[in-house]
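Please take a moment with the sequence and the model below before reading on.

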Amino acid sequence: MGAGDPHRRDQAPMSAVIDVHTHMLNHAWLALLEKHGRPRYTLKAVTGGLRAIHLDGAPFMTPVPEMFDWELRIRNMNRVGIDVSVVSLTCPNVYWGSAAVSLKAAQVMNEEMARARKSWPDRIQWLCSLPWQHEKAALAELKRSLKTGACGVMVLANIGGKALTDPAFAKIWQAIDDAKLPVLIHPTAPPGVKEMEMAHFQLVASIGFTTDTTLAVARMIYDGFFDRFQQLKIIASHGGGTLPYLIGRMDQCYEHIPACRTRTAEKPSLHARRIYADAVVFTDEALAMAVNVFGSGNVLYGSDYPHTIGDPIGCLARVDRLPDGARDRVRGQNALRIFDFPRGAFGAALEKAGAMQLAGLRRVEHRLNFAAKKRLIVRVVYEPAQRSGKRLDQLQVVLQAADEEGARGSRVARQRSVADEIPALAAFAGAVLGCRAGGQQQRQGKDRASHAGVDYSLSPRVQK
Ligand SMILES: [Zn+2]
């Protein structure tokens, strides 16, 4: 069960867990890669017997059965305690084959994920893949993916060897920036694996990937990417690669090497506060360093499930050992803040996360559908009156109502049913969000209630 399971975390209510780095494949994508990825991409056995995808002879991605099995994913999420997975394709993504093949590969995966979200709307969200090498197709697929429910984009740290800051991608970045989307920068085999002899010991996994991410984000920093694109949110994989360890060195170079200052007026460690990173690291010390460099409001839980070196349980345990405030932010509150998850899809898990977020944000917007009446937006402002431990015990609730177009005042006043039902609404909102409040309500399920013969359905939307 997820965060709503009373048996699992009743003693210490914590934020819901949102996994922003986790992957799925499908057989159609793999078949396209096998057919069109050659000669550079090949699929063959590695030491130990599994078949891995190779780039220029170096193995770097090993498909495992869990990557094709959604039911098993949900069971494993339940087992670990992951409430919501923000799923993406992994490397080598769709940056191979002709324009038509690359677009087809993106579409078969994006459609797969859109279907999964429909099947598990309160457990699965997804990041779209785009054929970045083909600008027009990429822009069209971005638009289509957002329509079918994508909540962000996943991009590899290099696109067929090209840097993400290459002008060839500027229009795509602009579209992503305009839509204010989160983007997971995910590594692939870095250029030069052959020259660096990374076929040995499958060195791409231990060293190559983190180098790929580090190079990509360091380029963005020095290139002034974050000055140009201020609305999108970059999530650097694997704790930001080696950036937390090297950010001081990047500052030192910025101070003493003029070439580092040609494109940006801000030093790298300041840029880092505008970058997000996942928590897919394997020691407490590495996680602490990522939190220190990017800020506890910028690190997000990730598992890298189901990769062979993914570690959903260990990554969560390390997050849970962070100090209280940071722990809840990294578990799910940060993800809830930076992702604009599609409306109406929030299940109990995200409602719970919304409740926990009250301590920090205090404003929650509810969209209410009154049965047979006009749809209204009611803004509920919670002021914590008293705290007992980490749980809010009492709330002062202020309600402001407006209709869908934002009109307030007299139009709302005429909707007497809203004002009349406010006490019940407050009680209901409190109950749904796991906080105690006065009043009576009859619960009919997770997100429905009735009071004085009026049926409510409720979907909270946390204000940024
Ligand atoms: Zn990954």
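Which residues of helix 12 (residues 284-294) are buried? They are Leu287, Ala290, Val291, Val293 and Phe294, where a residue is called buried if 20 or more other C-beta atoms lie within 10 Å of its own, with C-beta atoms placed from the backbone. Just after helix 12, glycine 295 takes a positive phi of about 100 degrees. Helices (H or I, at least four residues) and strands (E, at least two) are DSSP runs, numbered from the N terminus.

The model is predicted, so that local features need pLDDT of at least 70 and side-chain atom pairs count only at pLDDT 80 or more, while totals for chains, interfaces and linings use all residues. Residues are numbered from 1 along each chain as its sequence is written.

Eight strands make up an open sheet with parallel pairing, in the order 1-5-6-7-10-11-12-13, two strands being paired if DSSP finds at least two bridges between them. Strand 1 (18-23) and strand 13 (299-300) stand at the edges with a single partner strand each, and therefore one side of each has no neighbour in the sheet. Strand 13 pairs with strand 12 (residues 276-278) in the parallel sense over two bridges, and there valine 299 stands opposite alanine 277.

Strand 2 (residues 41-45) and strand 3 (residues 51-55), by contrast, run antiparallel and are joined by five bridges, with tyrosine 41 partnered by leucine 55. Five residues lie between these two strands of the hairpin, and in the turn glycine 48 has a positive phi of about 105 degrees.

Finally, helix 14 (residues 324-338) contains glycine 332, which counts as buried because it has 29 C-beta neighbours inside 10 Å. The C-alpha atom of glycine 332 is separated by 7.0 Å from that of tyrosine 301, although the two are 31 residues apart along the chain.

Notes. Buried ≥ 20, exposed ≤ 12 C-beta atoms within 10 Å, placed from the backbone.
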